[in-house]
Amino acid sequence: MSRKSDVDFFCGVVIVGLLAGLAGLATTLVLRSVEHLTYHYTFGSLLDGITGSSPVRRALGPMVGAALAGLGWWLLRRRFEVPPLAGTIVGHQRVPRLTWSIDAMLQVLLVGSGASLGREGAPRQFAAVLGDFGSAWIRRLSPGDREILLASAAGAGLGAVYAVPMAGALFTLRILLNTWRLRAMGAALITSSLAVAVGSLVTHDHNELNWPSAESAYLLSAHGLALAPVAFAVGWVFNKIVAAARPATLIRSWMLVPALAGAGLLTGICSHWWPELPGNGKSVLTVSLASGMTLASAAVILTLKPLLTVLFLRAGGAGGLLTPSLATGAAAGTLLVLALNQLAGTHLHGPVISLGAAAGVLAVTQGSPTWAAIFVWELARPPIWMLLVFAVTAVGAHALDRLVVRHRQRLDHRAG
């Protein structure tokens, strides 16, 4: 490969990293504006806004926002195709810039108004659009280099909104590209770091989650290993219900409007008793780390959070699944630790078990235990040794998932 093409590629990496940061900035600002408008609050978190809003606003806010998003998708999808991000990048297909941009903003509108979906899909998509636009003038890019740049843009967009540079780079390498090539590693690390630096204008490089203490506890790695079967079971069920609920093809009919409005209304009604349910799942994670759940509320959230997520997917909504699966895992971990501490008299550290379960569930739903452990650790930035606990749970849950998959494949082979 020529020196000129290497210089062009490096220029593309820098441009893509900066533009991915701008994509993270834009989507974060729009998301916060929608949240504030929906629940009519000025300061604080989404959970603060929900708890301070009136019962009528709690119910009607998500319904109106979801209906508007449904109307936008109906108008968009009846005229244009909205191809998936990963398939478009890996397949070296043309990036539909306008379509993806509109789709990303509709995702932000839906999640910001309270839908139980992740907000990471929009910045990934919009970052890929800006990255494609910004690197279009570079003529000496090979198809492989273009694939690396677009995948790096998507991972950097994720890193920018959550202030997780390592996880953003690993998302590019392990989930989008599935490679450890040095060229891809360098591009992913540089773009994600630049994007997080730009995004810090809004995030101020603060952790998404607040770790309650830096106290250590004995045998936490053993606890993490024991937690792996629970995380696997929750992640396996989450994957099954998502696969069953997700439509085979994008819904394009006018039914998008009433279906999404109904999902929003149900979410709003449920938030009257459990205000942690609306949104991408950060509220659930925050409450679980603060040990703010009871045994009953943890059980209800563990049930309702994934069900509301699949309801929006079934209705035709689009959005991420990272934080809903994280929130489901955190609720499962909280339920487990509360049950053991209250019924068996143990003294397990609630936040550790909660985030450990979240990492394990995420490893099963995303298929990458290394990325899941680092992503969860970067979200809260607990003591570095906690990364080992998250890794043990994530690797254990992922290993169990692989064993089940291989066992089913053998049974299918024998039956065939």
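Q: What do buried, partly exposed and exposed stand for here?
A: Buried is under 20% relative accessible area, exposed is over 50%, and partly exposed is in between (1.4 Å probe, protein chains only). The model is predicted, so local features need pLDDT of at least 70 and side-chain atom pairs pLDDT 80 or more, while totals for chains, interfaces and linings use all residues. Residues are numbered from 1 along each chain as its sequence is written, and side-chain values use heavy atoms, without hydrogens and water.

Q: What does arginine 57 touch, leaving out residues up to four places away in sequence?
A: Arginine 57 touches Leu37, Thr38, Tyr39, His40 and Pro62, where contact means heavy atoms within 4.5 Å.

Q: Why are H3 and H5 called roughly antiparallel?
A: Helix H3 (residues 55-77) and helix H5 (residues 97-112) pack at about 165°. Angles over 145 degrees count as roughly antiparallel, under 35 as roughly parallel, 65 to 115 as roughly perpendicular and the rest as oblique. H3 and H5 are therefore roughly antiparallel. Angles run from 0 to 180 degrees between N-to-C directions, and helices are DSSP runs (H or I, at least four residues).

Q: What makes a set of residues a nonpolar core?
A: The members are buried Ala, Val, Leu, Ile, Met, Phe, Trp, Tyr and Cys residues joined through side-chain atoms within 4.5 Å. The largest one has 90 residues, of which Trp73, Trp371 and Phe375 touch the most other members. Helix H7 (residues 143-162) gives the most to this core, with 11 residues.

How values were computed
Helices (H or I, at least four residues) and strands (E, at least two) are DSSP runs, numbered from the N terminus.
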